[in-house]
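Please keep the sequence and the three-dimensional view at hand while reading.

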Amino acid sequence: MYRSVPVPAATDFVITNARIVPVADASGNRAEAIESGTLTVRDGRITEVAPGSVDTSSLPADTEVIDAGGRWVLPGFIEAHGHLGVHEDGEGWSGDDTNEMTDPNGAGLRALDSIDPTDLGFKDALRGGVTSALIKPGSGNPIGGRTAFLKTWGRIVDEMLVTQDLSVKSALGENPKRVYGEKKVTPSTRMGTVKIIRDAFVEARNYQAKRAQAEADGTPFDRDLVKETLADVLDGKLAWDQHCHRADDIATAIRLSEEFGYRLVINHGTEGHKIADFIAAKGIDVILGPLMTSRSKVELRDRTLATAASLAEAGVRIALTTDHPVIPINFLIHEASLAVKEGLDPTVAIEALTINPAAIFGLDDRLGSLAVGRDADIVIWSGDPLDLNSRAETVFVSGRRVFDCDAASGTAHIADPLGPTLISEP
């Protein structure tokens with residue numbers, strides 16, 4: 001018979017002789033790089049970040065000392081919009097659970113219930129220094145469902161889960177009108193898509209009123225999973241992750257958010273450069289990308305690598321995305337590098353992979369920087385990660401050393417989250 005082995009606990013360690021890029025301090029302010037410093041981790045959290053070396057004789061006996069040899073140390077990257085585990089790499093239809101395209105209103109759906117942690121994409125994430133991801137239902141429905149934020153290493157999604165109380169995915173533009181238009185049902189136009197969303201929020205408001213009255217009267221009330229989720233959006237408990245590419249769809253997304261008063265996050269924003277000042281004036285965050293795709297549909301025809309710089313210069317807070325598996329998730333850093341080539345400030349490019357996505361979803365007290373108290377999601381790079389020749393050499397997730405790569409040979413080792421499986425005779 002087979003006997004599984006528990007996943008090992010996080011270890012305490014110190015990284016010395018490192019070029020540390022904290023990205024942000026404990027208050028969320030931009031932090032300068034430390035040319036030669038030390039980072040200490042205990043119980044899966046960062047406990048100290050300081051210039052200089054450490055007296056190893058003063059450390060507890062079980063503390064591992066890692067000499068970085070001048071390598072770069074950064075927080076793990078965050079994929080702010082991906083489909084890891086719900087659209088499994090190389091699995092075809094059997095591993096694609098991204099869209100439940102049988103009902104245009106999927107607010108009662110949860111990405112968490114479709115995520116397979118054995119998806120090869122999770123291994124690719126570690127190769128690219130990506131230690132967490134906001135996983136979303138796809139864009140076939142006007143309302144796609146609840147998202148889930150996971151660490152990218154683990155054996156069971158419930159153990160990998162940071163929270164599923166962040167956002168709901170929604171879509172405007174070509175995808176929903178194509179999916180349902182081909183079925184000859186609503187929505188088959190942009191206005192039909194918006195009507196589905198508006199109707200859903202009106203029903204959710206009515207539901208809120210009836211629920212409140214029932215609570216006041218002390219009478220029974222039938223819960224509705226779809227309306228409960230949308231009520232949480234209206235109450236500000238969940239953000240609205242709005243898939244939209246064209247500038248007019250972005251404007252529609254903003255119009256809808258102002259009508260119903262929910263917090264909007266633009267996803268993709270392909271033509272955001274055309275109305276960057278408008279987006280900035282509204283204070284809307286943009287998860288931009290993927291930047292490396294072909295112009296595979298009409299609404300992508302004005303895609304440009306320069307959009308990131310245009311948005312950032314206008315004052316829009318941006319995060320970058322591969323939309324994995326549209327672009328392999330380990331190419332997330334290359335999205336940033338190419339955006340820098342087209343004018344994006346390098347510091348902002350790194351922030352768009354770390355502190356920005358964390359702050360957009362209120363997770364910056366745990367993720368996105370190397371500040372004291374943050375999760376020990378840490379990556380040791382062979383050099384500047386924006387340099388094409390640099391590699392993620394060592395990756396820690398929640399204080400566990402889960403990935404090592406020899407930069408010279410390119411040989412990598414990824415820890416098995418299930419642990420070695422022991423065989424014992426009955």
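K237 counts as exposed, because its relative accessibility is 56% and the cut-off for that class is over 50%. In this predicted model, K237 forms a salt bridge with D232, and the closest N and O atoms of the two are 3.9 Å apart. D232, by contrast, is buried, with a relative accessible area of 16%. Side chains of opposite charge can pair when their charged atoms come close.

The structure holds 31 salt bridges. Another of these joins D375 to R45, with 3.1 Å between the closest N and O atoms. D375 belongs to the loop between helix 11 (355-360) and strand 17, while R45 is in strand 4 (residues 45-51), so the pair ties together parts that are 330 residues apart in sequence.

D377 is buried at a relative accessible area of 4%, and K151 is buried at 5%. The two pairs belong to a network of salt bridges that links R45, K151, R366, D375 and D377.

D103 lies in the loop between strand 7 and helix 1 (120-127), and it is partly exposed, with a relative accessible area of 39%.

Helix 1 comes next. Its buried residues are G121, F122, D124, A125 and L126. These residues pack against strand 8, strand 10 (148-151), helix 2 (157-160), strand 18 (392-397), strand 19 (400-405) and strand 20 (412-414). Just after helix 1, G129 takes a positive phi of about 75°.

Helix 9 is followed by G343, whose phi is positive, near 115°.

E351 has its place in helix 10. This residue is buried, with a relative accessible area of 10%. Leaving aside residues up to four places away in sequence, E351 touches V23, R30, N356 and P357.

Two partly exposed residues complete the tour. A33 is found in the loop between strand 2 (13-20) and strand 3 (34-42), and its relative accessible area is 30%. When residues up to four places away in sequence are not counted, A33 touches R19, I20, V21 and P22. The C-alpha atoms of A33 and W72 are separated by 9.6 Å, although the residues are 39 apart along the chain. N206, in helix 4 (residues 190-217), counts as partly exposed at 41% relative accessibility. Its C-alpha atom is separated by 9.4 Å from that of K227, 21 residues away along the chain.

Terms used
Residues are numbered from 1 along each chain as its sequence is written. This is a predicted model: local features need pLDDT of at least 70, side-chain atom pairs count only at pLDDT 80 or more; totals for chains, interfaces and linings use all residues. Side-chain values use heavy atoms; hydrogens and water are left out. Helices (H or I, at least four residues) and strands (E, at least two) are DSSP runs, numbered from the N terminus. Buried means under 20% relative accessible area, exposed over 50%, partly exposed in between (1.4 Å probe, protein chains only). Contact means heavy atoms within 4.5 Å. A salt bridge is a side-chain nitrogen of Lys or Arg within 4 Å of a carboxyl oxygen of Asp or Glu.
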